[in-house]
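Student: I have a protein model open and would like to talk it through. Could we begin with the aromatic rings?

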Amino acid sequence: MKKDVLVFLLSTPFLLNAQESTKIQEIGGTTRSLSNFGVTYRIGNTHAVWRFDGLGINLGTNTRRTDYVNQSFGAGLSIGREWRRPLGDRFELRSGFDLGFAYSFFNLEQGSIIQDSEYAQKTIEYRPNFNGVFGFNFLFYEQLVLGFEVQPSVSYGIIRRTEYNRSFDQESITTSNREAISIGVKTNSVLLSLSYRFNRSKD
């Protein structure tokens, strides 16, 4: 009897390791406000994963007339840690954090032949950020994962703006630098994701 108890106690750590040996990987797409899209990759186990996100890659051009051009570009990357707690067979609560960096570019050009004038504005913004993660997962067939999360954030923006203005024979160029801290939850702080989950045992 004592021998059986000893064997059980000695084997318990190996049994626990076997239970925790399942690794998961998830790859999928994300969106904010159904207008800003990105990709996500997560790796870990059912209790915690590392998060790697390509955030909101977008490119836009708007030309209403031959004398008006509006161009924009934005992209970002983040890495973070996420902890999960199962609620039944289909739901998981999630919490964690992300460290990220975002870049955006905006260019506006317009002019008037009648008034013999031109105006141009170029804005570049660099924004490192820290995001909290609070949300849940819903699992379809244990492999499709629909995620919903809110990301309260603290970010620090560095904004560089150059303006060119010409009217008849008068012209001016103005350059300004601005820094701004943003704290809180915005409308684009809600992130939806749809991922495919791969399960495999560790070697």
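Student: Which residues do the ring pairs link into a cluster?
Tutor: The cluster consists of Phe91, Phe136, Phe138, Phe140 and Phe148, linked by ring pairs. Please keep in mind that this is a predicted model.

Student: And how many aromatic pairs does the structure hold?
Tutor: It holds 11 aromatic pairs. One of them joins phenylalanine 73 and tyrosine 103, whose planes stand at 55° with the ring centres 6.4 Å apart, so this pair is tilted.

Student: Why does 55° make the pair tilted?
Tutor: Planes under 30 degrees apart count as stacked and those over 60 as edge-to-face, so the rest are called tilted. The angle of 55° for phenylalanine 73 and tyrosine 103 therefore gives a tilted pair.

Student: Where do phenylalanine 73 and tyrosine 103 lie?
Tutor: Phenylalanine 73 belongs to strand S4 (residues 68-87), whereas tyrosine 103 belongs to strand S5 (residues 91-112). The pair therefore ties together parts that are 30 residues apart in sequence.

Student: What is the relative accessible area of phenylalanine 73, and what is that of tyrosine 103?
Tutor: Phenylalanine 73 has 32% and is partly exposed. Tyrosine 103 is partly exposed as well, with 27%.

Student: Now arginines. Is arginine 94 buried or exposed?
Tutor: Arginine 94, which is placed in strand S5, has a relative accessible area of 3%. Buried means under 20%, so arginine 94 is buried.

Student: What lies 3.4 Å from a polar atom of its side chain?
Tutor: That is the backbone oxygen of phenylalanine 148. Phenylalanine 148 also belongs to the ring cluster discussed above.

Student: Which ring does arginine 81 lie over?
Tutor: Arginine 81 lies over the face of tryptophan 50, at 4.5 Å from the ring centre.

Student: Changing topic: how many helices and strands does the chain have?
Tutor: The protein chain has one helix and 10 strands.

Student: Which element has the lowest mean pLDDT, and which the highest?
Tutor: Helix H1 (residues 2-19) has the lowest, 41, and strand S7 (residues 144-150) the highest, 94. Over residues 1-19, pLDDT stays under 50, and the model has zero contacts beyond four places in sequence for them. For the protein chain, the mean pLDDT is 82, and 80% of the residues reach 70 or more.

Student: Finally, what share of the residues is buried?
Tutor: Buried residues make up 31% of the 203 residues in the protein chain.

Note on methods
Residues numbered from 1 in each chain as written. Heavy atoms only, no water. Phe/Tyr/Trp six-rings, centres within 6.5 Å; stacked < 30°, edge-to-face > 60°. Helix = DSSP H or I, 4+ residues; strand = E, 2+ residues; numbered from the N terminus. Buried < 20%, exposed > 50% of the residue type's maximum accessible area, 1.4 Å probe, protein only. Lys NZ or Arg CZ within 6 Å of the ring centre and 35° of its normal. pLDDT = per-residue confidence, 0-100. Contact = heavy atoms within 4.5 Å. Polar contact = N/O pair within 3.5 Å; in protein donor to acceptor, adjacent residues only side chain to side chain.
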